[in-house]
Amino acid sequence: MISAWGDAIDLDHVAATRAVIVLTPLVLLAMIMGDDIWLRAALVTISTFIAMERSGLAPLGTLLHGAAIIVSYLALLATQTAEPLFVAGCAMLAAASILFSGWDARLRSLGNFTFIPALYLACETEEWRGPGNQLHRGIHFLPAMMLAILPVLVMSALEHRNTRPLHVSRLRHFRAVLCWAERNESIPYIEALVATALAVGLVAHTVMVWRLDQGQWMIWSAASVITGDLTSGRQKLRDRTVGALVGVPAGIGTGIFLPHSTFAYDLALLVAVLTLVAVRPYVLAFGLRCTCVALALMFAGHSSGMAAERASHVILGGLVGFTVMYAVRVVAVQIR
């Protein structure tokens with residue numbers, strides 16, 4: 001049984017090592033300064049890292065991607081008091097990730113990991129301690145976001161420099177946004193784009209009207225299961241449901257017995273971030289991520305009910321996303 005589990009688990013040691021390298025400066029800053037603002041910014045670091053790795057961003061592309069995350073974060077943060085604007089912003093950012101993949105499938109990660117950090121950080125800013133309202137706290141967070149991009153930018157620049165052809169000038173080489181020039185595989189995207197905009201808009205509206213705590217989990221789950229076809233979407237919904245139903249209770253149970261400390265909280269958050277790049281298959285990675293998030297909430301003194309709420313948001317958001325995708329597919333077939 002242990003051997004079977006070992007064969008099923010795929011640990012990407014190279015990706016994990018590279019992710020640790022870019023995350024280390026933020027961890028050191030958090031330890032030296034005693035401020036968890038740097039651990040919050042780690043989501044920006046890992047998002048730019050994933051986009052650089054999977055979408056093939058050159059240094060200029062990484063810089064532009066970081067700027068897009070910051071602008072999207074501020075936009076969602078500023079519109080949270082105006083429900084129609086927030087709903088429209090979420091729907092547009094989610095649809096943009098589909099639009100990118102319509103141009104080239106490799107750019108799906110670029111779109112996803114612009115929306116994810118902007119959404120999660122914008123929704124969590126209200127809970128942060130600090131003076132002023134959430135917009136003031138968000139503006140105070142901007143320097144940390146900017147510095148969080150720097151380690152990935154340095155890694156990207158060092159690697160990009162080594163790929164410069166001898167006949168290409170350094171200026172021209174570093175002017176490139178992407179490390180590749182030829183378009184590759186694109187995927188049909190119209191149905192997925194429409195379904196994503198509708199599903200995310202519907203869920204974001206529900207979150208705002210009902211004032212649901214941690215609504216970002218539900219909003220992103222609605223978008224994440226819309227993969228372009230019903231088979232993979234159904235599998236994604238199943239994986240996320242299983243991961244949430246197993247991972248969240250595991251995190252709650254572990255948090256009851258382990259001693260609570262700032263170090264344990266920080267470690268749980270870092271492991272959650274690393275599961276984005278280092279663990280496969282997806283169901284295992286997502287389950288571990290849910291475990292770490294629930295564990296971090298317990299370490300932070302939150303109730304088990306609040307941690308369990310994440311599981312319900314993941315499942316409900318995924319069900320809405322898949323249902324909307326199915327409905328859009330039925331309508332599209334009828335139109336054809």
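**Entry 1: cysteines.** I searched the whole structure for disulfides and found zero, counting a pair of cysteine sulfur atoms within 2.5 Å as one. C123 is in no disulfide, and the nearest cysteine sulfur, that of C90, is 6.5 Å away. A reminder for me: a disulfide is a covalent bond between the sulfur atoms of two cysteines. C123 is also buried, with a relative accessible area of 14%. My scale here is under 20% relative accessible area for buried, over 50% for exposed, and partly exposed in between, using a 1.4 Å probe and protein chains only.

**A note on the model.** This is a predicted model, in which local features need pLDDT of at least 70 and side-chain atom pairs count only at pLDDT 80 or more, while totals for chains, interfaces and linings use all residues. Residues are numbered from 1 along each chain as its sequence is written, and side-chain values use heavy atoms, with hydrogens and water left out.

Entry 2: Most residues other than glycine have a negative phi, and most peptide bonds are trans. I looked for exceptions. R211 is not a glycine, yet its phi is positive, about 55°. Q214 also has a positive phi, near 55°. R211 is found in the loop between α9 (190-210) and α10 (215-224), and Q214 lies in the loop between α9 and α10 too. Helices here are DSSP runs of H or I with at least four residues, strands are runs of E with at least two, and both are numbered from the N terminus.

Is each of them buried or exposed? R211 is exposed at 64% relative accessible area, whereas Q214 is buried at 7%.

I also found a cis peptide bond joining R280 and P281, with omega about 0°. P281 is in the loop between β2 (279-280) and α13 (282-299).

**Entry 3: rings.** I paired rings of Phe, Tyr and Trp (its six-membered ring) with centres within 6.5 Å; planes under 30 degrees apart are stacked, over 60 edge-to-face, and the rest tilted. The count comes to six aromatic pairs. Y282 and F286 are stacked, because their ring centres are 6.0 Å apart and their planes are at 15°. Both lie in helix α13, four residues apart, about one turn of the helix. Y282 is partly exposed at 28%, but F286 is buried at 3%.

Which residue puts its charged end over the ring of Y282? K236 does, 5.0 Å from the ring centre. The rule asks for NZ of Lys or CZ of Arg within 6 Å of the ring centre and within 35 degrees of the ring normal.
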